[in-house]
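Reader: I am new to reading protein structures, and I would like to go through one slowly. Could you show it to me and then take my questions in turn?

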Amino acid sequence: MNELILKNIYPLEWNERITFTCCGCGSCCRHVKESVPLETLDTYRLAKHFREHGESVVCMDDILSRYAEPVLLDECGYFVYMLKTTGPDDACIFLKDNRCTIQAAKPRACRTYPLSAEPTETGFRYHLCTEKPHHFQGKAFKARDFMKRYFTREDQNFINLDFQSTVPIADLLRQIPEKRKKAALILFLRYKYSDFDLDMPFMEQYEKNIQKLLSGLKELI
Ligand code: SF4
Ligand code: SF4
């Protein structure tokens, strides 16, 4: 842990030991406007979670419209979804009495916090967020063991494909003529976030959807 790359974010070796104990203060879930990503895989899991718990959920769009808002990443039209916030302290919409109400299906970023993973050519690079110093106490454990528990194989496969496809999709979006921009964004929304069968495995659908999105965007150019 020696190189500062972003404010309060440091690279972490896979075998480095850290101490961390969550006391459930809820501090990391407040003041989070436009900062907690709800990725496609998170949305799929959340839709299934709410459906299993009796909420009326037909498709992933139901989750996105109720709990998330789009945030533009690039002027080409590439956007992501972030969890909505509420109240004067911009608390996450799922925070109630300092507790996360979707503990079993919370997004990847929340599950691995204060660690995060970035794909590299040979695997993943870990990072540690030190913005909340009060939870770095208690028993020490290796970053690798923490991530093994909270960063699943499905998360890894998803993140790899998501990272690989971001630049090609953005490049294509940039080349779309103005008069076809709307059609391109509808395709983007459909294949990145909507066109998923909750009763079928996620990754196969995501792989096919990314291919359909790339082909569809090429046709619009
Ligand atoms: S992870 Fe840290 S900031 Fe977040 S609830 Fe736990 S102790 Fe509080
Ligand atoms: S989903 Fe849960 S853990 Fe994540 S920011 Fe919201 S309340 Fe906190």
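Reader: In what order do the three strands of the open sheet lie, and which of them stand at the edges?

Author: In this predicted model, three strands with antiparallel pairing form an open sheet, in the order β1-β10-β9. A strand at the edge has a single partner, so one side of it is left without a neighbour in the sheet. The strands to which this applies are β1 (9–12) and β9 (115–120).

Reader: Which residue in β10 is the bridge partner of Ala117?

Author: Strand β9 is joined by six bridges to β10 (residues 123–129), and the two run antiparallel. For Ala117, the bridge partner in β10 is Tyr126.

Reader: At about what angle to β9 does helix α4 run?

Author: Helix α4 (residues 143–150) lies across β1, β9 and β10, while helix α5 (residues 153–175) lies across β9 and β10, at about 55° to β9. For helix α4, the angle to β9 is about 85°.

Reader: Are the rings of Tyr44 and Phe202 stacked, edge-to-face or tilted?

Author: A pair of aromatic rings is described by the distance of the centres and the angle of the planes. The ring centres of Tyr44 and Phe202 are 5.1 Å apart, and planes under 30 degrees apart would count as stacked, over 60 as edge-to-face. Because the planes of Tyr44 and Phe202 stand at 55°, the pair is tilted.

Reader: How are the rings of Phe196 and Phe202 arranged?

Author: Both Phe196 and Phe202 are buried. Their ring centres lie 5.4 Å apart and their planes are at 10°, so this pair is stacked.

Conventions: Residues are numbered from 1 along each chain as its sequence is written. Chains are lettered from A and ligands numbered from 1 in the order in which they are written. This is a predicted model: local features need pLDDT of at least 70, side-chain atom pairs count only at pLDDT 80 or more; totals for chains, interfaces and linings use all residues. Side-chain values use heavy atoms; hydrogens and water are left out. Two strands pair if DSSP finds at least two bridges between them. Helices (H or I, at least four residues) and strands (E, at least two) are DSSP runs, numbered from the N terminus. Contact means heavy atoms within 4.5 Å. Axes are lines fitted to C-alpha atoms, for helices over the stretch in contact, and angles run from 0 to 180 degrees between N-to-C directions. Rings of Phe, Tyr and Trp (its six-membered ring) pair if their centres lie within 6.5 Å; planes under 30 degrees apart count as stacked, over 60 as edge-to-face and the rest as tilted. Buried means under 20% relative accessible area, exposed over 50%, partly exposed in between (1.4 Å probe, protein chains only).
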